[in-house]
Amino acid sequence: MLDSKAKDEVSRAIRELETKTSAEVVVAVRAVSGHYRHTDWLVGSVLSFAAVCVFLFHPAPFDDDLLPVEILLAFALGGFISANVPPLRRALTSRRLMAENVRRAACAAFVERGISRTRGRTGLLIYVSTFEQRVELVGDIGLDFESLGDDVSAARRRIEVSVETTGGLGAFLAALGDLGAALGRALPRAEDDENELADEVEA
């Protein structure tokens, strides 16, 4: 969802969605929403410990003078592997921490993009964070998901699942279309509605 072709397709989907509803939808995509260096350090520490165990228990002789350098290299290698292998880094990072980071980043983006400044207070941010494989929907006070009905809640969940299960761009676009249909029934577009927020994907 970070390449230009995918952004264009999402932008077209947003424009189509907004022909049905008075909601103003903005999609933001981020590669990562938090810092997870502690996970890299954990992998580095484990690899360093493994190097020490090999040194202590392997029957082959080792040069004691090189041990500090070898341990340091093992730590650096572990950290490098963790930082560059997202599935490993994600598996070793707390899901709660990732959810909190995405939620915090989404709320910050909502404010920074001025999504609360629409006339009807119907701005909606769909914030996608690819590393965490999470999506956060932040709505203005005019978009109370609980009061908009089960259809909107179900469509919201489909968008979340499309990212959490790495369903790909197609699944996300389909879920976005479902959300537009549900919002169109719960919050139909008025004749005097104007497009107040940019449709282009922010990345």
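Predicted model: local features only at pLDDT ≥ 70, side-chain atom pairs only at ≥ 80, totals over all residues.
View 1. In the model, residues 41–60 are 85% helix and 0% strand. Their end C-alpha atoms lie 28 Å apart. Residues 66–88 are 91% helix and 0% strand, and here the end C-alpha atoms are 29 Å apart.

**View 2. A nonpolar patch on the surface.** Look for Leu 47, Leu 77, Phe 80, Ile 81 and Val 85, which make up this patch. Together these residues have about 410 Å² of accessible area. Helix 3 (residues 67–84) gives the largest share of the patch, with three residues. Leu 47 belongs to helix 2 (residues 37–57). Leu 47 counts as partly exposed because its relative accessible area is 31%, a value between the 20% and 50% cut-offs.

**View 3. A hairpin made by strand 2 and strand 3.** Follow strand 2 (residues 123–129) and you will meet its partner, strand 3 (residues 134–139). The two pair in the antiparallel sense over six bridges. Val 128 sits opposite Val 135 of strand 3. Four residues lie between the strands, and in the turn Gln 133 has a positive phi of about 55°.

**View 4. Glu 160 and its contact with Arg 157.** Glu 160 is part of helix 6 (residues 150–164). Is Glu 160 buried or exposed? Glu 160 is buried, because its relative accessible area of 16% falls under the 20% cut-off. The side chain of Glu 160 also makes a polar contact of 3.0 Å with the side chain of Arg 157.

Technical notes. Residues numbered from 1 in each chain as written. Heavy atoms only, no water. Pairing = 2+ DSSP bridges. Buried < 20%, exposed > 50% of the residue type's maximum accessible area, 1.4 Å probe, protein only. Polar contact = N/O pair within 3.5 Å; in protein donor to acceptor, adjacent residues only side chain to side chain. Patch = residues over 30% accessible without salt bridge, like charges linked within 9 Å, V, L, I, M, F, W, Y side chains within 5 Å. Areas by Shrake-Rupley, 256 points an atom, 1.4 Å probe, with all protein chains shown as cover. Salt bridge = Lys/Arg side-chain N within 4 Å of Asp/Glu carboxyl O.
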